[in-house]
Amino acid sequence: MSSIDYDLTRIKAFVFDVDGVLSPSTIPLAPDGFPQRMVNIKDGYALQHAVKKGYRIAIITGGTCEAVKKRFEALGITDIFMGASKKLPILKRWMEKENLLPEEVVFMGDDIPDLPPMRHVGLPCAPYDACWECKETATYVSRFTGGYGCGRDILEQTMKAQDNWLDDDNAFGW
């Protein structure tokens with residue numbers, strides 16, 4: 001049973017910000033001054049499982065870290081948009097290319113740059129520790145914080161609602 005007040009059977013695609021969503025909002029700096037990212041293994045499992053099940057997944061981030069790109073490519077995600085200072089135009093082009101309607105798309109964001117794309121999709125979501133403007137805009141606020149399972153939360157609830165979560169032997173491996 002989902003805790004999300006939305007018809008999850010309509011969802012075909014997920015779009016995620018990275019910093020503060022798929023990685024914690026507090027990140028260490030390397031000696032060279034570049035930020036390091038942490039990722040959540042359970043988010044990673046859910047992302048690769050969703051890709052294998054045919055869901056469209058996109059990453060739209062203001063960050064430019066090549067390690068982030070490599071991480072998501074390793075999970076099977078091909079639509080990775082880095083250095084995005086304005087996310088809404090990228091989201092709109094991606095949705096048009098993928099022939100997606102707003103009501104078929106989840107966008108999960110945690111801070112001010114995420115508000116325009118959150119307002120454009122059918123199911124805007126936010127991590128528990130998102131800024132108040134994102135939480136106010138979100139239809140669903142995860143009980144998990146950014147980088148600690150909020151991505152898995154929305155993926156798992158949606159896939160369960162569509163009977164795609166752990167539904168065959170392929171689900172039990174990477």
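These legends cover close-up views of a predicted model.

Local features here need pLDDT of at least 70, side-chain atom pairs count only at pLDDT 80 or more, and totals for chains, interfaces and linings use all residues. Residues are numbered from 1 along each chain as its sequence is written, and side-chain values use heavy atoms, with hydrogens and water left out.

**View 1. Six strands form an open, parallel sheet.** The order is β3-β2-β1-β4-β5-β6. Strands (E, at least two residues) and helices (H or I, at least four) are DSSP runs, numbered from the N terminus. Two strands pair if DSSP finds at least two bridges between them. β3 (79-81) and β6 (140-141) stand at the edges, each with a single partner strand, so one side of each has no neighbour in the sheet.

**View 2. Strands β1 and β4 pair in the parallel sense.** β1 spans residues 13-16 and β4 spans residues 105-108, with four bridges between them. Ala13 has Val105 as its bridge partner in β4.

**View 3. Asp79 and Lys97 meet in a salt bridge.** The N to O distance is 3.4 Å. A salt bridge is a side-chain nitrogen of Lys or Arg within 4 Å of a carboxyl oxygen of Asp or Glu. Asp79 lies in strand β3 and Lys97 in helix α3 (residues 87-98), 18 residues apart. Asp79 is buried at 15% relative accessible area, whereas Lys97 is exposed at 54%. Buried means under 20%, exposed over 50%, and partly exposed in between (1.4 Å probe, protein chains only).

**View 4. Glu98 also meets Lys97 in a salt bridge.** This one is 3.1 Å, N to O. Shared partners join Arg56, Asp79, Lys97 and Glu98 into one network.
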